[in-house]
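Visitor: I would like to go through this structure term by term. For each label, please give the value and the cut-off behind it.

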Amino acid sequence: ALLHFGKTSEYMLFLDLDEFLYSADGDPLSHLTQIFARNRHIGGVAINWAIFGSAHRVSMPEGLVIESYTLRGEESFEKNRHVKTLCRPESVVGFINPHAAVYGIGKYAVTVAGVETYGPLTEQVLFEPVRINHYFTKSLAEFALKRNRGKADNPTPRDMNEFNLHDVND
């Protein structure tokens, strides 16, 4: 995506299909573009995950994901330290993994609070003003399907223990 669309895009957000950009006021992009406006050296914004659990569902419910899965981990949940990136494509050399961009000389990422950060995890988890709602497990049946697909970079089936590690319903 970066190679094909980076030259024609002002910003690019790298998310999976089970991840949704969220802000309480419904306008996450204005918050994020304001962060970029603070400093021309900011190449990306690292946005924390909020991991949503199964809501104790065994089978797939009818209806929207955001209506069916409303329970998530607390901010302190370790997996919420992961980030996804909104970047200025011209500032990015590439990605070391789906969570962390590599920036060109003089460019760097910041958290949604504007604090410089490096890599796929942040020290402090921030859910405001913007976060990524990540519906990692969904129901047990849906996770079984996800498990069998493997990961994007590894087709080996996921370990079922991943469901238990991510099924937070606080």
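**Labels and their grounds**

Visitor: Why is His56 called exposed?
Guide: This is a predicted model. His56 has a relative accessible area of 61%, and exposed means over 50%, so the label applies to His56.

Visitor: What is the phi of His56, and where is the residue found?
Guide: The phi of His56 is positive, about 65°, although the residue is not a glycine. His56 is found in the loop between E3 and H3. Ala55 is also not a glycine and has a positive phi of about 55°. Ala55 is found in the loop between strand E3 (42-51) and helix H3 (65-68).

Visitor: Why point out such values?
Guide: Because most residues other than glycine have a negative phi, and most peptide bonds are trans.

Visitor: Which peptide bond is cis?
Guide: The bond from Glu128 to Pro129, with omega near 5°. Pro129 has its place in the loop between strand E8 (116-117) and strand E9 (131-134).

Visitor: What makes Asp16 and Lys84 a salt bridge?
Guide: Their side chains meet with N to O at 3.3 Å. The rule asks for a side-chain nitrogen of Lys or Arg within 4 Å of a carboxyl oxygen of Asp or Glu, so Asp16 and Lys84 qualify.

Visitor: Which parts does this pair tie together?
Guide: Asp16 lies in the loop between strand E1 (12-14) and strand E2 (19-22), and Lys84 in strand E4 (residues 83-87), so the pair joins parts 68 residues apart in sequence. Asp16, Glu19 and Lys84 are also linked in a network of salt bridges.

Visitor: What makes Glu78 and Arg81 a salt bridge, and how many salt bridges does the rule give?
Guide: For Glu78 and Arg81 the closest N and O atoms are 2.9 Å apart, so the pair is within 4 Å. The count by this rule is 6 salt bridges.

Visitor: How many helices and strands does the protein chain have?
Guide: The secondary structure comes to 5 helices and 9 strands. From the N terminus, the elements run α-β-β-α-β-α-β-β-β-β-β-β-α-α.

Visitor: What makes the protein chain as compact as a globular protein of that length?
Guide: The radius of gyration is 16 Å, close to the 15 Å that the globule rule gives for 170 residues, so the description holds. Of the 170 residues, 45% count as buried.

Definitions and conventions:
Residues are numbered from 1 along each chain as its sequence is written. This is a predicted model: local features need pLDDT of at least 70, side-chain atom pairs count only at pLDDT 80 or more; totals for chains, interfaces and linings use all residues. Side-chain values use heavy atoms; hydrogens and water are left out. Helices (H or I, at least four residues) and strands (E, at least two) are DSSP runs, numbered from the N terminus. The radius of gyration is taken over C-alpha atoms; the globule rule is 2.2 Å times the number of residues to the power 0.38. Buried means under 20% relative accessible area, exposed over 50%, partly exposed in between (1.4 Å probe, protein chains only).
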